[in-house]
Amino acid sequence: MPSLFCRLSLIVVFAICAGLVASATSVAETNPDGRLYQPSDDVLADIQQAISRADDGDRLALVVLGANWCHDSRALASRLHQSPLAELIQQQYELVFVDVEYYELDRKVLQQFGVAHYYATPTVLIVDPSSGQVVNNEDRHLWGNAYSIDMASSVQYFQKWAANEIAKEPAKDSSQLLQLYAQIDRFEQQLAKRLVGGYAAVGPMLQASVEGNEPEDFDASWDELRDFRAAIPNATRDLRDEAQRRVSDGEQDIILLFSEFPLLSWEKE
């Protein structure tokens, strides 16, 4: 992505940045705790409009999936409007917040962008507007720990994608690697489908808990859901790493071993 300084004169840059800082400050003051996730009648349209604006402005689209009940979601939303990250986001990204509510966001919304599901709140999708594809697919979930990620690390992360400073993937053009990736994608889709049932079961319990009416078995159900959804990206990442390594080592007829997950409580009912 070409930088803003390559396209504008220094005077114009200073003027725009001053306005952006003022805008970011206003948002932060209005929502100091990061409660910026609001329900929408058409989430997909909101995302598509952000992608269109990003394309018009030669920027990336930044889609943040989160919820106001989630302290990590609020932490990221607040930080995105704090200096120095706010200036970077305003210059290089078109930002849109998507409310997953109590895990009610339709999985089909994410599948439009080649994403099986979301496994953390918040989840960050960085979309290339020219292709409509998510470019940070491998680490889109790390922001589930946003509260513990400091400002310097946040700036570094978003600067990396804005500058396209991504190492070339080994054996990227290998037909065998692509076949292995397809197997891993199918595996992830199967797990994501199972997760839908978990969100449907635990979501209402979570809402009741937030509203002060915590069900007796909520803690156990929440822990089970947390462990399962965290295991999915870890398992698929390990498989992709293994596939890359073995293809790069020149192996042929590679067979991957896929983890087996026993039936979960919401699947036994």
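Where is the place of D253 in the chain? D253 sits in the loop between α9 and α10 (265-268). This is a predicted model. The chain holds 10 helices and 4 strands. Buried residues account for 45% of its 269 residues.

**Overall layout**

- Along the sequence, the elements run α-α-α-β-α-α-β-α-β-β-α-α-α-α.
- Take the contacts between residues at least 6 apart in sequence: 73% of them join residues at least 24 apart.
- The accessible surface of the chain is about 13800 Å². Carbon and sulfur atoms hold 50% of that surface.

**Strand β3 and its partners**

- Strand β1 (residues 60-66) pairs with β3 in the antiparallel sense, over 5 bridges. Within this pairing, V64 has V124 of β3 as its bridge partner.
- Strand β4 (residues 133-134) also pairs with β3 in the antiparallel sense, over 2 bridges. Here V127 is bridged to V134 of β4.
- β3 and β4 form a hairpin, with 4 residues between them. G132 lies in the turn and has a positive phi of about 75 degrees.
- In a regular strand, side chains alternate between the two faces of the sheet.

**Helix α5**

**The nonpolar cores**

- The largest nonpolar core has 49 residues. Those with the most contacts inside it are I47, V63, L65, L105 and Y118.
- Several elements each supply at least two residues of this core: α3 (43-56), β1, β2 (93-99), α6 (107-111), β3, α8 (175-210) and α9 (218-248).
- Helix α8 gives the largest share of this core, 12 residues.
- A second, separate core has 22 residues, including Y93, V124, A146 and F158.
- What does Y118 touch, not counting residues up to four places away in sequence? Its contacts are L65, V100, Y103, E104, L105, L110, T123, L195 and Y199.

**Cis peptide bonds**

- Most residues other than glycine have a negative phi, and most peptide bonds are trans. The next two groups list exceptions.
- The peptide bond from S83 to P84 is cis, with omega near 5 degrees. P84 belongs to the loop between α4 (71-79) and α5.
- The peptide bond from T121 to P122 is cis as well, with omega near 0 degrees. P122 is in the loop between α6 and β3.

- Y103 has a positive phi, near 65 degrees. Y103 lies in the loop between β2 and α6.
- Is Y103 buried or exposed? Y103 has a relative accessible area of 5%, so it counts as buried. The cut-off for buried is under 20%.
- D253 has a positive phi too, near 50 degrees. Its relative accessible area is 73%, so D253 counts as exposed. The cut-off for exposed is over 50%.

Methods:
Residues are numbered from 1 along each chain as its sequence is written. This is a predicted model: local features need pLDDT of at least 70, side-chain atom pairs count only at pLDDT 80 or more; totals for chains, interfaces and linings use all residues. Side-chain values use heavy atoms; hydrogens and water are left out. Two strands pair if DSSP finds at least two bridges between them. A nonpolar core is a set of buried Ala, Val, Leu, Ile, Met, Phe, Trp, Tyr and Cys residues joined through side-chain atoms within 4.5 Å. Buried means under 20% relative accessible area, exposed over 50%, partly exposed in between (1.4 Å probe, protein chains only). Contact means heavy atoms within 4.5 Å. Accessible areas come from the Shrake-Rupley method with a 1.4 Å probe; for residues, only the protein chains shown count as cover.
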